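Here is a short briefing on one protein model. Keep the coordinates open while reading.

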Amino acid sequence: MKKTSNLVFKISGDSEKGIRPKNEDNFYCGVNQAGQLLAIIADGIGSLENSEIVSKSVVQNYEKQFQKYMSISDPTEFFSSTNEIIWKEINKLASEHDGKTKKFGSTIVMCLVTGETLDVFNLGDSRAYQFIKSKKKWDKLTVDQTVENLIETEYAKKLSKIKKESENIKEDTEFVNAWFKNQKTKFHDSLHAITHCIDDISVIHKDFDHFVYQIHKGDILFLASDGCYHWTEREDINSLVSKSKKFDGVSKSLTELAIKNGSDDNSTAIVVLAE
């Protein structure tokens, strides 16, 4: 099998339940025969019963499909088709669980590296970041699919439309600003609620985000659940990467740091260094 990339990867991953009674996060990171890297985190939605079943299904199926094919030629098809397999599986599990249908759900954030191309997919609010060595800075690669971002996206669209089409820009802008303020007030208590996931009762998983970037030697990828990224700084990763004697311990140091800093959720992290 011809390698698709001259890059090699140092990989570190860890998941801790923290103060929660159980861990609803799952993760996988590995390299296939073609040298492609797959990194994925699934965060079971805590407000939905037994969502660790979904996050486990997500990770197991992605690992299985990734290793099944010698090379992934179409990242979007890979993400879509694997999600359909997962969706069918969790629907079956939901109908069998306790003899009645339960609602299960999980976020997904996935990175696939082919050559120097980095495809990033997400459903929900698990995140991916990249440290770009040439710029010496961290970039956020994903956009949280939350109520707040949904409102802000719609607000930006309305303002853009006014600039292009309105005959009374001032009056129409004031109207849209009032709408925006009203929406923020109306949904104040649920602004951080996620709008997308993979679950057993809807097909919202078909509406995923896909971003394409470049990755080069010396860059770092960081994938995390909200129980980790909210409670750590990206600069913590640079420090750990440079100081750690064993790279595979970097993620555990991060998840434990998040818990030490007060994380009230499961904490999961994947760190990858491209060499």
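The notes below go from overall dimensions to the sheet, its helices, a hairpin and the salt bridges.

This is a predicted model. The protein has 7 helices and 12 strands. Its radius of gyration is 20 Å, close to the 19 Å from the globule rule for 275 residues, so the protein is as compact as a globular protein of that length.

**Overall dimensions and surface**

- The C-alpha trace spans about 60 × 55 × 40 Å along its principal axes.
- Of the 275 residues, 47% are buried.
- The exposed surface comes to about 14,000 Å². Carbon and sulfur atoms supply 51% of that area.
- Take the contacts between residues at least 6 apart in sequence: 72% of them join residues at least 24 apart.

**The five-stranded sheet**

- An open sheet is built from 5 strands. Their order is β2-β3-β5-β6-β10, and the pairing is antiparallel.
- β2 (25–31) and β10 (209–214) are the edge strands. Each of these two pairs on one side only.
- From one strand to the next, the twist averages 10 degrees.
- Inside the sheet, β5 (residues 108–114) pairs with β6 (residues 117–123). This antiparallel pairing runs over 7 bridges.

- Helix α2 (residues 75–96) lies across β3, β5, β6 and β10. Relative to β6, α2 runs at about 30 degrees.

**Strand β7 and its partners**

- β7 (residues 127–132) pairs with β8 (137–140) in the antiparallel sense, over 4 bridges.
- These two strands form a hairpin with 4 residues between them. In the turn, Lys 136 has a positive phi of about 55 degrees.
- Ile 132 has Lys 137 in β8 as its bridge partner, and Phe 131 has Trp 138 in β8.
- β7 also joins strand β11 (residues 220–224) through 5 bridges, again running antiparallel. Across this pairing, Gln 130 stands opposite Leu 221 in β11.
- How many of the residues of β7 are buried? The count is 6 of the 6, so the strand is largely enclosed by the rest of the structure.
- Both faces of β7 are covered. Arg 127, Tyr 129 and Phe 131 are buried on one side. Ala 128, Gln 130 and Ile 132 are buried on the other.

**Salt bridges**

- The structure holds 10 salt bridges. Among them are the pairs below.
- Lys 252 forms a salt bridge with Glu 16, with the closest N and O atoms 2.9 Å apart. Lys 252 lies in helix α7 (residues 250–260) and Glu 16 in strand β1 (residues 9–16), so the pair ties together parts that are 236 residues apart in sequence.
- Arg 127 and Asp 144 meet through their side chains in a salt bridge of 2.7 Å, N to O. Arg 127 lies in β7 and Asp 144 in the loop between β8 and α3 (147–165), so this pair links parts that are 17 residues apart in sequence.
- Both partners of that bridge fall under the 20% cut-off for burial. Arg 127 has 14% relative accessibility and therefore counts as buried. Asp 144, at 10%, also counts as buried.
- The side chains of Lys 184 and Glu 148 meet in a salt bridge of 3.0 Å, N to O. Lys 184 lies in helix α4 (residues 169–186) and Glu 148 in helix α3, so the pair ties together parts that are 36 residues apart in sequence.
- Glu 16, Lys 252 and Glu 256 form one network, joined by salt bridges that share partners.

Key: Residues numbered from 1 in each chain as written. Predicted model: local features only at pLDDT ≥ 70, side-chain atom pairs only at ≥ 80, totals over all residues. Heavy atoms only, no water. Pairing = 2+ DSSP bridges. Axes fitted to C-alpha atoms, helices over the stretch in contact; angles between N-to-C directions. Contact = heavy atoms within 4.5 Å. Rg over C-alpha atoms; globule rule 2.2 N^0.38 Å. Buried < 20%, exposed > 50% of the residue type's maximum accessible area, 1.4 Å probe, protein only. Areas by Shrake-Rupley, 256 points an atom, 1.4 Å probe, with all protein chains shown as cover. Salt bridge = Lys/Arg side-chain N within 4 Å of Asp/Glu carboxyl O.
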